[in-house]
Amino acid sequence: MAKKRTIRTIPQQRTPMPEQPAHERVKNFAEVACGFGAEEALRESQRCLLCPEQPCIEGCPVGVDIPGFIRKIGEKDFRGAYDALTGTNLLPAICGRVCPQENQCEGVCTVGDSLEPVAIGRLERFVGDTAIAEGWVNVPYIEPNRFKVGIVGSGPAGVACAADMAKAGCEVVVYEAFHRPGGVLCYGIPDFRLPNVVIDAEIDKLRKLGVKFECNTLVGRLFTIEQMVEEMGFDAVFVGTGAGYPTLPGIPGDSLNGVLSANELLTRCNLMRAKEFPNFDTPMPIEKRVAVIGAGNTAMDAMRVCLRLGAEKVYCIYRRSRTECPARAEEVHHAEEEGVEFHWLTNPVEILDDGAGGVRGMRCIRMELGEPDESGRRRPVPVPGSELDIEIDLVVFAIGTTPTRSSARRRISSSTSAATSRPTRISRLRWPASTPAAISSRAPRPSSRPWAPAAERRAA
Amino acid sequence: MVETNQGAGFRILAREDYSDVTYSLVIRHPMMAKAAKPGQFVIVMSHESGERIPLTIADFDREKGTVTLVVQAVGKTTKEMQQTCKAGTALYALVGPMGVPSSLGHARKVVCVGGGLGVAPVFPQARGFKEQGAYVIGILGFRTEKLIFWRDKFAACCDELIMCTDDGSAGIKGFVSNGIELAISKHPDIDEVVAIGPPMMMKACVETTRPHKIKTTVSLNPIMVDGTGMCGGCRVKLGDEVKFACVDGPDFDGHKVDFGDLMTRLRRYADKEKTAVQRWSETCRMRDQAAFGARDPAPPAASSETPELDLARAKMRARRQAPPGATGQLPELPDPIDDVLGG
């Protein structure tokens, strides 16, 4: 081992991620960030101080052994890095791409105190992609404990729970209402951020662990959680149905054709592949001028999808300023590069009718920032008499979602602003923090086994 | 043991054609047959590259483990299904039962109105009311006698059956709204009217019952994607309120529904629908002319999962070939993973 690394001896600059140039990528749905190659990964791994405090592990919602896998990358032992990662996280290719690392592991990285933090997410993605490319699957030795766990929803919460339960030895069945597993990873996140093929590859690994995925199954309607426990032999049920219910603003004109939720736009485009219409049957016609309301990650995705579907002009309308914008800085930067026009401190008050049920424009009002509100951000207040009309043909609302309305709706935890994606104290959570979660019924405890599995109870 | 239906899709056991545009499919799904209640619907995808369309459950048989859907060939998907969905084939996806079941309440005398295709979804409600001991008056409307279906099924569960045809070829000459007037004049004590059919018909029905202040329930079928309350595409106006037909409905108080808004929203993708139908008809014509014996219409563009994965692996491997330590170049742009799926 070379001599001890210090903040002065490590590469000072973060290794840049190769990207498709903006003018190219705006014409395709291929990934924007192309991923590290081996050499780049090696270089970036040298930036980790392997500090004894290991704040990154604490910053990770699932407690991945981050210094451990980075050390292995440094030793050019990529398989070893994969083994270290999958000790806690079976989905590195997904997490490396879409976790908000700047609020988690990278946000607390020691290097980040004086330089840019180690690019942990990019390194994780590198290991995950290498594993997919090489076909590596770590199927740990699993001793069946004869407990059966049902998981409702195959999104990030569901698959993370499925992985842990399967490793603990449970028989796991994941139910999904859509026709393919992945939940929001699949319907929400566009291919240019997370290609579907990566999701399929990671789900495939869970199948190899013995997890069963049952699609086309709407729990609560096809059967209830009570039935799962009483009739179907499940010892525990995990409800990870997510926050899928779109918020619409309730302003005049919001039911016009040409006004839709970001969820609808993204589902049509990502899951139903409207971008390939008419080879795929679901249409998603994009008009010339699109206004997307909101400035979260979903709004950024929606705007960038619109550009790729052929919109000539895409406006981002947000009632607060850039400082308060909830999207990841990288996403805002990408959207800007691709030509999105940002209108900060602007709020829609009315959508204007073209007389045939469609949209001809939108009336907005300027905002200014007042006192901080309960979210800690300064509250936007309208500036009297500052109304302005903008000409647009399509309005997409990306102003948040609330927990999916289902039989489980009251059991889902969310932050005070109903954002399930940002629970207030991420570092304290051991369940994946990016997702809502609730365990109902009798949770299995494989080590102590206070209960007999349902199968044994019945036999007794 | 509870059986779920997975893997090879959802098998169609029987099909019946009622006219050159209307057909029924009997699909095996024991669990759904067990769970389904009157008024609920399903979302269907006929093949992997298809769209998700909502269809009301027209009948269910808990013993045989089947659900029945009645389909009218109006757009690309339903026309294509008319050609491809035969007994022995399977639907790619079928999810449900969705929506809030109809409240059959304690009504003692009800009128169940079905117009055209709407005759099918109103059937489970008529049967449900009958099973609860209500006096059920069925009113079925068709354009002409030749299009009539399920008259016998209704005759078996209705105390009175009024047939209406636009041309008078069967029953009374006139619309279902004339039938409702007839029923109201004969029975002043009607508790509830349930009307299902095209929006114009339902609108006519609620206008007929409004002066009599008779509770009128309609079942709305707007454009949907997921059917679980996630996209908001199916939002409908009820007075000042906005509701999602998929999770708040599909049954609503007809006197509150803004039918004008519903009809406008149903035209949202009219242009694209036309394009799809045209393109599909051309494909069919070319196929018929070529007569190469290929029975299926344009095959799904997406291939099975495994080759995709293999290809993606190959591409990812290619990108990562530079051995550790070698002075490799940056990966070529654009990233090729997605090209694989581009199809």
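A salt bridge is counted here where a side-chain nitrogen of Lys or Arg comes within 4 Å of a carboxyl oxygen of Asp or Glu. Lys313(A) and Glu341(A) meet this rule through their side chains, at 3.1 Å from N to O. The model is predicted, and over all chains the rule gives 48 salt bridges. This briefing covers such pairs, the interface of chains A and B, and selected features within each chain.

- Arg180(A) is buried, with 17% relative accessible area, and Asp200(A) is buried at 8%.

- In chain B, the side chains of Lys243(B) and Glu241(B) form a salt bridge at 3.6 Å, N to O.
- Lys243(B) is partly exposed at 25% relative accessible area, and Glu241(B) is partly exposed at 43%.
- In chain A, salt bridges with shared partners connect Glu19(A), Arg25(A), Arg193(A), Asp301(A), Arg304(A), Arg308(A), Glu331(A), Glu337(A) and Glu338(A) into one network.

**Interface of chains A and B**

- The size of an interface is often expressed as the accessible area lost when the parts come together.
- Chains A and B bury about 6600 Å² between them, and carbon and sulfur atoms give 58% of this area.
- On the chain A side, Arg221(A), Leu222(A) and Asp281(A) lose the most area to chain B, together 11% of what that side buries.
- The contact involves 82 residues of chain A and 80 residues of chain B.
- There are 3 salt bridges between the two chains; one of the bridges joins the side chains of Glu231(A) and Lys34(B) at 3.6 Å, N to O.
- Polar contacts across the interface comprise 17 residue pairs.
- Elements of chain A that each supply at least two residues to the side touching chain B include α2 (38–45), α7 (120–134), α10 (196–208) and α12 (262–271).
- That side of chain A consists of 39 nonpolar, 20 polar and 23 charged residues.

**Helix α4 of chain A**

- Within helix α4 (residues 66–74), the buried residues are Ile66(A), Pro67(A), Gly68(A), Phe69(A), Ile70(A) and Ile73(A).
- These buried residues pack against α2, α3 (55–59), α5 (78–86) and α7 of chain A.
- At the start of the helix, a side-chain oxygen of Asp65(A) comes to within 3.0 Å of the backbone nitrogen of Gly68(A).
- Just after the helix, Lys76(A) adopts a positive phi of about 60 degrees.

**Chain B and Pro54(B)**

- Chain B contains 11 helices and 16 strands, and 54% of its 343 residues count as buried.
- Pro54(B) lies in strand β4 (residues 53–61) and is buried, because its relative accessibility of 11% is under the 20% limit.
- Beyond its neighbours within four places in sequence, Pro54(B) contacts Phe41(B), Val42(B), Ile43(B), Asn221(B), Pro222(B) and Met224(B).
- The C-alpha atoms of Pro54(B) and Pro222(B) are 8.5 Å apart, although 168 residues separate them along the chain.

Methods: Residues numbered from 1 in each chain as written. Chains lettered and ligands numbered in written order. Predicted model: local features only at pLDDT ≥ 70, side-chain atom pairs only at ≥ 80, totals over all residues. Heavy atoms only, no water. Helix = DSSP H or I, 4+ residues; strand = E, 2+ residues; numbered from the N terminus. Buried < 20%, exposed > 50% of the residue type's maximum accessible area, 1.4 Å probe, protein only. Contact = heavy atoms within 4.5 Å. Buried area = accessible area lost by both parts, 1.4 Å probe. Polar contact = N/O pair within 3.5 Å; in protein donor to acceptor, adjacent residues only side chain to side chain. Nonpolar A, V, L, I, M, F, W, Y, C, P; charged D, E, K, R; others polar.
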